[in-house]
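Please open the model in your viewer and keep the selection tool at hand.

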Amino acid sequence: MGPTDDAGCGAGAELRRRFTEEVDWSKVVDPYVPGPPYGPDLLERLWSPDRDTADNACADLRAACCGDGSWVGLAALEVLPFLVEAVRDPAVKVRTEALEVLADLARAGNNARTAEPDSRLGGRRLAAPAAWPAAWERAVEALLPGLADDAEEIRAGVAAALARTPGRADDLIDRFRARFEEEPELSVAEQLVMGVGDLAAHATDRGEEAVAWLRQRMSDAGKGEEPDIDGDTEAWLAWMDQHGHDVRLPAIAALRRALPGRRDPAYARTTADVLLVPAPPGTPHHWEPRFRYVGRAIDADAQLGVDLPGRLAIARTLLRQDTSARHEAGLAAEPSLESSPALSFRRAGESDLTELVRLRDDAARRQIERGIDQWKPGELGPEHFRARLRAGEVWIATAGPGGPSAGAWELWWEDEPAWGVQPPVAGYVHRLMTDRRTAPPGAGRALLSEAERLIAASGRPLCRLDCLTSNTRLRRYYEEAGYAVVGEQAGKNGDGGRTYGVTLLEKRVGAG
């Protein structure tokens, strides 16, 4: 717990002394706005009793330490111990925001630390100072007690930050599982389960054990359905005294992270069961408004991705119920599923050039509608796609065999403009695009999964892609699909002769 002044407001004298003496402030600068370095007052503002002042200080620290969250700067080494101290100090008004900064640092720093050292990227490699691994290791040790913090949101945030530490996967899986057995709050238990899923993919000794544990959680309804207090008071009292959480939906999401691309017929059945069982008293979902239940059902449905039969079964199950919330959730999940056949994939040919141009122009118009300044309608014609057919591969997704096109993508086997000269270890996905009129829900992820399968089948272990640096929403989409940021290219020569910055991401899809 960080020392504060006697009134419990702001940083105490000893802490202010440490701000001055333990931080090299010449390294704590705003990377976007030229000017003098920050000073000790930045950390003093973080401890301010005024919420807005502390929040602004936290935003300044984020910018100085990791910018948009894709790199780790020297400032992070200087202020990392104090960010951790702020998280542990109940007097700090922005503990959860400081945890979010730590989570971004953990992701960027550990991705940089584990990236292949000999892959000479065409742009600026995702960087972390040489001292970062040791600094984050010390931070992990200081954060671990936060798994038992008095505040529910801090326990959940600490779990989320620690889950981004693949180098400690085996140890953290054990700690998360042990904490799960003691955790009284459902929201934290859910985060611990998700953390085990994130870490399982990196575990050396505990991976299979973690997957087995997640499968147990997927079939464990916790305390189960609440007994009728009028029918059996003793049973109801005993039920209230039990400890246990229904984390079946987070377990499904965690398993999809631990075992990406692997469907399981139990996912849909479990999802339907969870959505039909009333939430126990004292949980966040008890007495929830109808619109929140509908949103939760839609989110749960989306976890199943391209498992259209499973998703349709969930929608039909909800539609058969007699409560308005479940019926509305079924109506929200059902559209387009009834008539949506599974996607089929084929290599594009000369006869597809006009359709490829149409798909690309439609995608460009959608980008403009969303305020994204990258693709422009009309800038790529048939000659572009004809050249790609000769130089690499172009793939078409159709709504069922012989059905209308639902999307397309280009598969390259080298990409010097973004990645520089590389050994033959990766395939590169470009121009991933879907048709909103014919593509079923989850089509984008399905196209990406098929591209990953093709790359793995070729014997190359990595799938690589890039996205506009300013498009943080798309970057999160790829990260949720298992991709890690590994660098930046500040001046990529893109379509139409324009130059723009891109973030480089990759995912391991095969052995090698």
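A crossing of two helices is called left-handed if the near helix is turned anticlockwise from the far one by less than a right angle, and right-handed if clockwise. The model shown here is predicted.

**First selection: residues 248-258 and 265-276.** These are helices α12 and α13, respectively. α12 passes α13 in a left-handed crossing. On the α12 side, the contact is made by R248, L249, I252, L255 and R256; α13 contributes Y267, T270, T271, D273 and V274. Two packed helices are described by the angle between their axes and the distance between the axes. For α12 and α13 the angle is about 155° and the axes lie 9 Å apart. Angles over 145 degrees count as roughly antiparallel, and α12 and α13 are therefore roughly antiparallel to each other.

**Next selection: residues 169-182.** This is helix α8, with 14 residues. At 1.5 Å a residue, α8 should span 20 Å, and its end C-alpha atoms are 20 Å apart, which agrees. Now colour A169, D170, L172, I173, F176, R179 and F180, which are buried in α8. To see what covers these buried residues, display α7 (152-162), α9 (186-200) and α10 (207-218), which are included in the cover.

**Last selection: R475.** This residue is found in helix α21, residues 472-480. Is R475 buried or exposed? R475 is buried, because its relative accessible area is 8% and buried means under 20%. Leaving aside residues up to four places away in sequence, R475 touches D68, G69, S70, R107, C467, V485, T503 and L505.

Key: Residues are numbered from 1 along each chain as its sequence is written. This is a predicted model: local features need pLDDT of at least 70, side-chain atom pairs count only at pLDDT 80 or more; totals for chains, interfaces and linings use all residues. Side-chain values use heavy atoms; hydrogens and water are left out. Axes are lines fitted to C-alpha atoms, for helices over the stretch in contact, and angles run from 0 to 180 degrees between N-to-C directions. Helices (H or I, at least four residues) and strands (E, at least two) are DSSP runs, numbered from the N terminus. Angles under 35 degrees count as roughly parallel, over 145 as roughly antiparallel, 65 to 115 as roughly perpendicular and the rest as oblique. Contact means heavy atoms within 4.5 Å. Buried means under 20% relative accessible area, exposed over 50%, partly exposed in between (1.4 Å probe, protein chains only). The expected span of a helix is 1.5 Å times one less than its number of residues.
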